[in-house]
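This report describes the architecture of a single protein chain. Please consult the sequence and the coordinates alongside the text.

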Amino acid sequence: MERLMEKGAQIWARHKQIICFGILFVFLAGFALYIFKTSVYPASKEPYATIEVTGSETPSDQLKTGDVWKQTFISNVDEISGVSIKFGTYQRVNSGELQVEIRNMTSNSLLFEQKLAMGLLKDNKHQDFLFDQPVKNVNGDSFEITIKVLSISPQDQLSIWMSKNDRLPDGISDLNDVQAEGDAIFKVYSGDNSYLNLIYIIATVVILLALCAAYYFIFIRKIKLTKAFIILAAFLGFCYSLMMIPMSIPDEQAHIETSYRYSDQMMFLGHQTENGHLLMRQDDKTILNTLKQTPTPKLYKYVAENFFQTCKDSTLIETNGRDVGTSKFVYFPSAIGITIGRILNLGFIPVLYLGRLFNYLFYIILVYLALKKLPIGKMILFTVALLPMSIHQAASFSTDCIIMAVSFYFIACVVKMAYGEEKIEIFDIVLLCFFGSWLTLFKSGAYMLLCFLALLIPAKRFNSKKQHVITKSTISFLAIALFILNTLLPMAFKGGGDSIVSWSGLPPYTVGWILHNPFGFIRILITTFIDYMDFYIHSLIGGSLGWLNIGIPNFVGIAFIILLFISCLKIESEHQLIKASHKIWIILVLIGVAICTEVGLFISWTPIDSSIIEGVQGRYFLPILPAFLLLFRNSNITLKRDMSKYIIFAILFLNIVEMALAFRVIV
């Protein structure tokens with residue numbers, strides 16, 4: 001036994017890395033199988049909705065005995081297997097009976113007839129009515145759904161959920177022959193979601209192979225950190241972008257429409273029409289209205305079917321596309337992608353992915369250059385740049401992509417000039433001023449104060465005292481001047497009093513209110529951080545993806561936080577370059593940036609009766625996270641050896657787990 005244990009210890013000592021990898025691989029494969037059996041496979045058996053009426057919902061009039069409700073629609077597929085209707089029971093278990101009929105009006109044939117006890121209906125849920133056998137060769141045929149209330153108790157309540165607008169141009173809804181303004185909230189089914197099985201199996205195989213390749217390159221080939229970043233960023237960005245289809249990232253539709261406006265300018269069509277509207281291809285407008293904020297199995301199929309399509313109707317039409325009032329420079333990469341797609345006459349889905357691709361390429365290139373530039377803290381930036389929330393935002397049309405990339409590069413410039421060994425060149429100063437100026441144009445100047453990190457650069461690092469004074473004066477002047485021109489003056493000319501917070505119907509707080517009630521603002525600020533700190537951390541790491549509606553278990557976020565902390569630690573042999581006085585200045589700058597971020601939403605998104613600041617999310621602090629984590633470098637808690645390869649692999653592994661859990665929620 002003792003000899004066996006000794007042999008086992010020798011095997012462990014020689015092959016512990018491959019053994020650990022094998023355990024992780026088996027765990028991930030088992031985890032993938034678990035998600036398949038508990039989520040993907042059951043979802044694949046669900047009926048596939050080929051027509052789905054959604055939108056703003058309102059209940060119909062209360063149904064009474066003898067009422068007859070009808071909804072018509074025209075089939076858009078060759079085969080129909082059933083329908084479902086959304087009922088409202090007002091949290092009651094009603095007594096009574098309905099009769100449901102579905103008729104093909106084109107062939108004048110009754111396809112489905114069923115009497116249904118009302119007690120089986122669930123409140124605010126779809127009730128399925130599935131045919132015994134699918135009806136085929138019905139593309140273009142007209143259908144009518146009829147619901148007759150055979151009996152209902154006077155004290156019971158039952159209604160059908162309706163859309164406020166006419167969501168189905170070819171359909172009519174009526175109650176007792178009185179036509180409704182909108183359509184019912186209903187679905188028409190055709191087959192099932194079995195395609196999900198193939199998608200999931202292919203994705204699982206690709207990801208497991210990628211994990212094996214990562215092990216080979218990280219532990220055997222021992223590639224450099226910068227190359228590892230490019231490979232991991234490209235792979236993870238590709239995966240997140242496919243999983244989070246266009247429109248599923250916060251405010252992405254507004255960013256898509258704004259990028260499209262700049263694409264129009266690049267194609268000499270102008271930023272807007274005389275009415276302030278957007279010129280868009282007819283096909284693009286149709287598809288834009290089809291995509292939704294939440295990914296669904298149906299939308300995955302739709303995107304896959306249209307991924308390689310060309311544009312069939314390129315007629316330009318006017319549409320009321322939004323124009324985000326921020327710097328045009330954050331839209332250039334995505335606008336270039338859209339323009340190239342339009343010139344090649346690609347369909348809107350590939351055009352959208354080209355726009356995302358150019359945005360993400362900008363992010364990868366700038367972060368790669370920042371990593372090469374950093375003399376210390378490379379692992380900090382690597383980890384922050386590959387957090388789920390970072391990639392999730394960067395691989396989209398979100399302006400956060402450009403903001404993060406520029407901020408990361410600017411911080412890298414400051415760190416190199418402050419703590420590097422190379423001589424400061426004129427080009428370094430030009431880059432510092434350029435990217436610092438760019439920072440002031442984002443989020444109403446919230447990140448402007450980051451420019452003052454340049455004051456950390458010691459005078460001895462410059463070639464002369466004159467160069468030292470000119471550089472710091474220039475970056476400070478540019479930051480203040482651009483902040484005044486780009487933020488304060490437009491705010492002063494715009495004025496206030498008429499603005500309304502859209503979601504509340506009330507006016508927001510104002511700068512004047514802050515000046516007259518400084519202690520009141522401080523109280524609201526402190527209350528906000530106390531109440532929302534856990535939410536900020538949660539939404540900073542990636543604890544909720546999409547429109548914060550795809551929740552991820554806390555253990556994944558905790559694991560990423562641990563990785564962030566480990567990435568902060570220096571190796572025992574490294575010099576501690578950041579002095580205590582420098583850390584104090586960094587803290588002051590970061591507090592200023594955080595307050596500016598809160599103020600921006602306080603005067604634009606927080607109604608006057610609110611006791612906390614609304615609208616701030618953790619992702620708004622991602623641009624300053626690398627600077628914040630530099631504060632944790634110290635000489636007391638250090639690493640005895642370089643842990644970078646383990647951190648790199650852990651980042652990939654945890655992102656795979658995050659994506660698997662997110663996909664589980666989606667399906």
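## Basis of the description

The model is predicted: local features require pLDDT of at least 70, side-chain atom pairs are counted only at pLDDT 80 or more, and totals for chains, interfaces and linings use all residues. Residues are numbered from 1 along each chain as its sequence is written, and side-chain values use heavy atoms, with hydrogens and water left out.

## Overall fold

The chain contains 19 helices and 16 strands. Helices (H or I, at least four residues) and strands (E, at least two) are DSSP runs, numbered from the N terminus. The C-alpha atoms occupy a box of roughly 90 × 85 × 50 Å along the principal axes. The radius of gyration is 29 Å, close to the 26 Å that the globule rule gives for 667 residues, so the chain is as compact as a globular protein of that length. Here the radius is taken over C-alpha atoms, and the globule rule is 2.2 Å times the number of residues to the power 0.38.

Of the 667 residues, 51% count as buried. Buried means under 20% relative accessible area, exposed over 50%, and partly exposed in between, with a 1.4 Å probe and protein chains only. Among the contacts with a separation of 6 or more, 82% are between residues 24 or more positions apart; a contact means heavy atoms within 4.5 Å.

## The six-stranded sheet

Six strands make up an open antiparallel sheet in the order S6-S5-S8-S3-S10-S11. Strands S6 (109–117) and S11 (178–179) each have a single partner strand, so one side of each is left without a neighbour in the sheet. Two strands are taken to pair if DSSP finds at least two bridges between them.

Strand S5 (residues 96–104) runs antiparallel to S6 and is joined to it by eight bridges. Within this pairing, Gln99 stands opposite Lys115 in S6.

Helix H2 (residues 195–220) has 26 residues and should span 38 Å at 1.5 Å a residue; its end C-alpha atoms are 37 Å apart, which agrees. The expected span is 1.5 Å times one less than the number of residues. After H2 comes Lys222, with a positive phi near 55 degrees. Helix H12 (residues 426–439) has 14 residues and reaches 20 Å from its first C-alpha to its last, close to the expected 20 Å. Ten of the 14 residues in H12 are buried, including Asp428, Phe435 and Trp438.

Asn359 is placed in helix H8 (residues 348–373) and is buried, with a relative accessible area of 1%. Not counting residues up to four places away in sequence, Asn359 touches Val330, Pro333, Ser334, Ala394, Ser396, Phe397, Ser398, Cys401 and Ile402. Its C-alpha atom is separated by 50 Å from that of Ile147, 212 residues away along the chain.

## Nonpolar cores

The largest nonpolar core has 167 residues, of which Phe229, Met243, Tyr363, Phe382, Phe442, Tyr447 and Leu450 touch the most other members. Helix H11 (residues 400–419) supplies the largest share of this core, 17 residues. Apart from this core lies another, of 35 residues, among them Ile85, Val100, Leu158 and Met162. A nonpolar core is a set of buried Ala, Val, Leu, Ile, Met, Phe, Trp, Tyr and Cys residues joined through side-chain atoms within 4.5 Å.

Met243 touches Pro295, Tyr300, Leu545, Met659, Ala662, Phe663 and Ile666, with residues up to four places away in sequence not counted.

## Cysteines

The structure holds zero disulfides, a disulfide being a pair of cysteine sulfur atoms within 2.5 Å. For Cys239, the nearest cysteine sulfur is that of Cys212, 15 Å away; Cys239 is buried, with a relative accessible area of 13%. For Cys596, the nearest cysteine sulfur is that of Cys451, 12 Å away; Cys596 is partly exposed, at 30%.

## Loop residues with positive phi

Ser444 is not a glycine, yet has a positive phi of about 55 degrees. Ser444 is located in the loop between H12 and helix H13 (465–494), and counts as exposed at 51% relative accessibility.

Leu548, also not a glycine, has a positive phi of about 55 degrees. Leu548 lies in the loop between strand S15 (544–545) and strand S16 (550–551), and is partly exposed, with a relative accessible area of 30%.
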